Amino acid sequence: MGIALLRTDSELLEAARELMRTEAGEILSASDRLTPDIVKAARLIYSCRGRVVVVGLGKSGHVGRKISATLASLGTPSFFLHAAEASHGDLGMVRSEDVGLFISNSGSSPEMSALLPHFRRLGAKMIAITGVMTSPLAEYSDIVLNAHVESEGDPLQLAPMSSTTLELVIGDALATIITILRGLKREDFALFHPGGALGRKLLTRVRDVMGTGESLPVVHEGVSVKDALFVITSKGYGAVCIVDIEERLTGIFTDGDLRRLMERLGTGAFNAMIQDAMTTTPKTISPDALAAEAVRIMEQEQISVLVAVEDGKPAGIIHIHELLKAGIA
């Protein structure tokens, strides 16, 4: 009845805030009582020659799926095993070199308890994340991580809220330690996420998206601005690279340079020699540089095109629009 009486927006807003404060408080309490056992658990997973089998049921099972996915995304082979399905054949996926990570608030569900002797017989090491340190799960496990909460935080004190949040945070803490032990770098993480935005930024090189060959706008010194303009128009980059007799880059001429030249010379700009009108210190980049670095340079210099240079010669050209299409910018 008391819950139904909460009607005003301010009362409902306060109820949401109180839930968040409760869950945050439970996480802080858990961090204060954290022991070196979590480091032992992380080292056990780090040294595992098999896979991490994350076992869960119900709401803790949903948490387990996320923890398993997090471990896999950070280079630790892992899969989720539903406690109820395990006894009906899925237990065959478990090997002695695996590590079982069991997640259960009570640690005493029949489905979970039925699995424990089988893991023991297989010889797989067992880690428990549980809220009851005297539960069958805790007694069977090699390492136990305390996920006890004083309050779930929900109005009925029935739905798993604080407990599942804490289980998730403990899983993230484990993943954090393992990441440090592995010495992973951002580039390593990108290898596991080649299809995502981060993967594209950390894996895509300038040479993967730059224009080359017939697409590369190039003219030699000694031509007129008018002649260079034909190349700019036909290639579609809004710029042209100027090279010397040895094909080495000596400058760049852009749409912006043309506008500024016409402000000074009017239509006479078309008859000017390109080497007299070009920018002699163009911003360049290596074809092997990350495309994200090209974006950084363009933003910093407020330009829209970069020349990729190898051994002093233009190897390609890249426009901000290409980076946008590739999902880099």
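Residues are numbered from 1 along each chain as its sequence is written, and side-chain values use heavy atoms, with hydrogens and water left out. Because the model is predicted, local features need pLDDT of at least 70 and side-chain atom pairs count only at pLDDT 80 or more, while totals for chains, interfaces and linings use all residues.

We begin with two helices. Helix α1 (residues 9-32) and helix α7 (residues 162-182) have axes that come within 9 Å and cross at roughly 45 degrees; helices here are DSSP runs of H or I with at least four residues, strands are runs of E with at least two, and both are numbered from the N terminus. The axes are lines fitted to C-alpha atoms, for helices over the stretch in contact, and the angles run from 0 to 180 degrees between N-to-C directions. That angle makes α1 oblique to α7, given that angles under 35 degrees count as roughly parallel, over 145 as roughly antiparallel, 65 to 115 as roughly perpendicular and the rest as oblique. The contact (heavy atoms within 4.5 Å) is made by Thr22, Glu23, Glu26, Ile27 and Ala30 of α1 and by Ser162, Thr165, Leu166 and Val169 of α7.

Turning to aromatic rings, a search of the whole structure finds 1 aromatic pair, where rings of Phe, Tyr and Trp (its six-membered ring) pair if their centres lie within 6.5 Å, and planes under 30 degrees apart count as stacked, over 60 as edge-to-face and the rest as tilted. The pair is formed by Phe102 and Phe119 and is edge-to-face, with 4.8 Å centre to centre and 75 degrees between the planes. Phe102 lies in strand β3 (residues 99-104) and Phe119 in helix α5 (residues 110-122), so the pair ties together parts that are 17 residues apart in sequence. Phe102 counts as buried at 0% relative accessibility, and Phe119 is buried with a relative accessible area of 0%; buried means under 20% relative accessible area, exposed over 50% and partly exposed in between (1.4 Å probe, protein chains only).

Two loop residues remain. Most residues other than glycine have a negative phi. Gln302, although not a glycine, has a positive phi of about 55 degrees; its place is in the loop between α14 (291-301) and β10 (305-310), and at 73% relative accessibility Gln302 counts as exposed. Asp311, which is not a glycine, has a positive phi of about 55 degrees. Asp311 is found in the loop between β10 and β11 (313-319), and counts as exposed at 69% relative accessibility.
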